[in-house]
Amino acid sequence: MNRIDTAFQRLRARGEKALITYIMAGDPSLHDTEELVMALEQAGADVIELGVPFSDPIADGPVIQKAAERALRSGTSLRRILDTVASVRRRTQVPIVLMAYYNTIGAFGEAAFCRQATAAGVDGLIVPDMPPEESESLAHPAETAGLHLIFLVAPTSTPARRELAAGRSRGFIYYVSLTGITGATLTDIDDVARNVRKVQRLTKTPIAIGFGVATADDAARMAPIADGVIVGSAIVRQVDAHHQDPRMPDRVAEFVRSLKSALQVAPVAGR
C-alpha cells in the first residue's frame with residue numbers, strides 16, 4: 001500500500017488529523033533538504049511535500065518564489081531531487097509528495113519520471129498547473145508506477161471539475177482554501193467548510209486544506225473541517241529566516257511542532 005494511504009488510515013484510527021508540511025527542495029541546499037525532512041518528521045509531520053523549483057511558478061507567492069530562485073541558484077534539478085529522496089529513504093519511511101509544474105515533468109518524460117520517482121521513494125505528485133481534464137497522459141504512467149496523482153480543488157471549481165478531481169485524486173485531495181497564491185491570508189473559514197463538504201459528498205478520499213494556513217491557530221481552526229492541513233509558506237519563511245544558522249532544521253522543527261500540537265488538541269469532526 002502507498003505510504004500516503006497508510007498514514008491517513010493510521011491517523012483516522014487514532015482520530016487525528018494529518019499535518020502535511022511543504023518545503024522547497026534545494027533551499028538552501030539539497031543536503032539541507034534531507035536534514036529538514038528528518039527534522040520535520042521528528043516534529044510531527046505526517047506527509048512531506050517537496051517543491052520542485054521552477055522559473056515561472058504561477059501558483060506561488062513571493063515567499064515560495066524566492067525559495068525556488070535560491071534552489072535553482074544552488075543547482076537543484078528534478079533528477080537531483082530524486083537522488084535526494086532516494087537518500088532520505090535510507091533513513092525514513094515518511095510519505096513524500098513532489099509538487100512540480102508540468103514543464104519540469106514534461107521535459108523529463110512523463111513515463112520515465114513516474115518510474116524513477118517511485119523507484120526513488122516518492123509516493124505522490126501534485127502538478128498545480130495541470131487540471132484533471134488534461135491529466136490523461138500523466139495519469140496512466142503514474143498509476144502504473146504506483147505514484148499517487150493528487151489534484152487541487154478551489155473555491156471557484158465548477159461542480160464538474162470538483163467531481164472529476166475527486167474521482168481522479170489518489171492519496172488525498174488538495175483543497176485550496178482561497179483564490180490567489182500561496183502565502184495569502186485566509187479570512188472566511190465558513191466558506192471553506194461549505195466547499196469542503198461539497199467535495200466530501202463526492203468521495204471518501206481524504207481532503208487536506210492548504211493555502212492560508214500559517215499559524216498554529218489557523219491549523220487548529222481548519223482541523224475539524226477536513227482530514228488534514230497543509231502548511232507551506234510559513235515553513236519556507238522559517239527556513240529563510242534561519243538559513244545561516246547551523247541548527248536551522250531544529251529551528252524549523254520547533255515551529256512545525258507547534259502546528260502538530262495544535263492539531264492534536266483541536267476538536268475532531270466526523271465524516
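I first looked up F108, which counts as buried because its relative accessibility is 16%, where buried means under 20% relative accessible area, exposed over 50% and partly exposed in between, with a 1.4 Å probe and protein chains only. I noted that this is a predicted model, in which local features need pLDDT of at least 70 and side-chain atom pairs count only at pLDDT 80 or more, while totals for chains, interfaces and linings use all residues. Residues are numbered from 1 along each chain as its sequence is written, and side-chain values use heavy atoms, with hydrogens and water left out.

I then asked how many aromatic pairs the structure holds. It holds four, a pair being rings of Phe, Tyr and Trp (its six-membered ring) with centres within 6.5 Å, stacked if the planes are under 30 degrees apart, edge-to-face if over 60 and tilted for the rest. One of them is the stacked pair of F54 and Y101, at 5.5 Å centre to centre and 25 degrees between the planes. These two residues are 47 apart and the pair links distant parts of the chain. F54 is buried at 18% relative accessibility, and Y101 is buried at 4%. The rings of F108 and F113 have centres 5.9 Å apart and planes at 80 degrees, so I recorded that pair as edge-to-face; F113 is buried, with a relative accessible area of 0%.

Last I looked up L40, which is buried at 1% relative accessibility. Leaving aside neighbours within four places in sequence, L40 is in contact (heavy atoms within 4.5 Å) with residues including T21, I48 and V252.

Terms used
Helices (H or I, at least four residues) and strands (E, at least two) are DSSP runs, numbered from the N terminus.
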